[in-house]
2 protein chains.
Amino acid sequence: MARAATTSDVFNAIAEPQRREILVLLRAGERPVTELAQELGMTQPGASKHLRVLREVGLVRDRKAGKQRLYGLDARGLRPVHEWVGGFERFWNESFDRLDAYVQDLKQTRLEE
Amino acid sequence: MARAATTSDVFNAIAEPQRREILVLLRAGERPVTELAQELGMTQPGASKHLRVLREVGLVRDRKAGKQRLYGLDARGLRPVHEWVGGFERFWNESFDRLDAYVQDLKQTRLEE
DNA sequence: CCATCATATGCCCATAACGGCATACGTCAA
DNA sequence: TTGACGTATGCCGTTATGGGCATATGATGG
């Protein structure tokens with residue numbers, strides 16, 4: 001088995017830097033594909049593909065606007081991610097102490113060798 | 001070009017469900033590879049490989065403990081992720097209203113067709 | 001030194017990822 | 001209808017992925 005399909009969950013969808021950039025841009029409001037592509041320096045097909053992934057995991061929605069198709073943010077899917085990562089909050093403060101302990105262990109180990 | 005290497009950034013590293021499970025387990029404290037593998041129902045080489053990725057992005061550190069090698073959490077790398085996702089916080093509350101607006105747009109579009 | 005336990009690596013496979021490119025599709029205006 | 005614009009899709013090639021398996025490497029105790 002290879003990697004799980006990108007479209008299967010939000011963690012995977014936002015693992016791609018360009019997709020994260022798209023999401024950031026969309027915070028400023030809806031935008032057509034071409035504009036996104038241009039602002040991010042990617043090709044139109046490229047942008048379309050990334051947008052498709054984002055749409056399939058529900059982070060983005062689209063609506064027709066005349067000839068164009070406007071993409072807009074739907075950030076609700078990011079909430080679980082925020083919560084999951086938040087579950088480690090107390091650890092990234094604690095980490096420094098732990099790291100200290102770790103370093104001391106290292107020193108000791110080195111002495112014992 | 002394919003996707004950026006998993007080992008290059010934290011977003012990619014935590015895109016893998018099993019690696020997320022490992023991180024969660026490690027919140028309870030340091031553990032040797034074998035134990036992790038067993039608790040998560042994966043093979044020892046499998047666990048080692050995931051741990052390597054986590055180590056390379058700095059989410060995990062290891063120290064020798066006799067014959068064993070204990071892996072421990074270093075959650076500091078998750079902080080930027082939390083912050084990035086947190087940048088969307090106001091949007092996932094706002095989303096419902098936006099969605100309403102969206103639905104109304106849809107209705108109108110449909111009427112116009 | 002040797003046997004044993006713990007872990008890491010290497011190799012292979014099947015799969016899917018991204019990007020580039022051409023082109024199909026959809027929509028509007030004349 | 002035709003043409004022009006905006007967007008999506010399909011196909012290809014290269015590359016990385018994750019899993020399985022065998023095996024190398026490391027550390028310990030006798």
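Predicted model: local features only at pLDDT ≥ 70, side-chain atom pairs only at ≥ 80, totals over all residues.
Reader: What about contacts between residues at least 24 apart in chain A?

Author: Take the contacts in chain A between residues at least 6 apart in sequence: 47% of those join residues at least 24 apart.

Reader: Let's zoom in on two helices. How do H2 and H3 of chain A cross?

Author: H2(A) covers residues 17–26 and H3(A) covers residues 33–40. Their axes come within 11 Å and cross at roughly 115 degrees. The crossing is right-handed.

Reader: Which residues meet there?

Author: From H2(A) you have Gln18(A), Glu21(A), Ile22(A), Leu25(A) and Leu26(A). On the H3(A) side they meet Leu36(A), Glu39(A) and Leu40(A). Sorted by class, that contact has five nonpolar, one polar and two charged residues.

Reader: Hop over to chain B. Where is Leu40(B) found?

Author: Leu40(B) is in helix H3 of chain B, residues 33–40.

Reader: Buried or exposed?

Author: Leu40(B) is buried, because its relative accessible area is 18% and the cut-off for buried is under 20%.

Reader: What does Leu40(B) touch?

Author: Setting aside residues up to four places away in sequence, Leu40(B) touches Gln18(B), Glu21(B), Ile22(B) and Leu25(B). Take Ile22(B): it is 18 residues from Leu40(B) in sequence, with 7.8 Å between the two C-alpha atoms.

Reader: Now Gln44(B). Which helix is that in?

Author: Gln44(B) lies in H4 of chain B, which covers residues 44–56.

Reader: Switching to rings. How many aromatic pairs are there over all chains?

Author: A search of the whole structure turns up six. One of them is Phe88(A) with Phe91(A), a tilted pair at 6.5 Å centre to centre with 55 degrees between the planes. Both Phe88(A) and Phe91(A) are buried.

Reader: What about Phe88(B) and Phe91(B)?

Author: Phe88(B) and Phe91(B) form a tilted pair too, 6.5 Å centre to centre and 55 degrees between the planes. Phe88(B) counts as buried because its relative accessibility is 0%. Phe91(B) is buried as well, with a relative accessible area of 3%.

Reader: Which residues do ring pairs link into a cluster in chain A?

Author: Phe11(A), Trp84(A), Phe88(A) and Phe91(A).

Reader: Last topic, charges over rings. What sits over Phe11(B)?

Author: The charged end of Arg20(A) does, 3.8 Å from the centre of the Phe11(B) ring.

Reader: And which residue lies over the face of Phe88(A)?

Author: That would be Arg27(B), at 4.6 Å from the ring centre.

Definitions and conventions: Residues numbered from 1 in each chain as written. Chains lettered and ligands numbered in written order. Heavy atoms only, no water. Phe/Tyr/Trp six-rings, centres within 6.5 Å; stacked < 30°, edge-to-face > 60°. Buried < 20%, exposed > 50% of the residue type's maximum accessible area, 1.4 Å probe, protein only. Lys NZ or Arg CZ within 6 Å of the ring centre and 35° of its normal. Axes fitted to C-alpha atoms, helices over the stretch in contact; angles between N-to-C directions. Helix = DSSP H or I, 4+ residues; strand = E, 2+ residues; numbered from the N terminus. Left-handed = near helix turned anticlockwise from the far one by under 90°. Contact = heavy atoms within 4.5 Å. Nonpolar A, V, L, I, M, F, W, Y, C, P; charged D, E, K, R; others polar.
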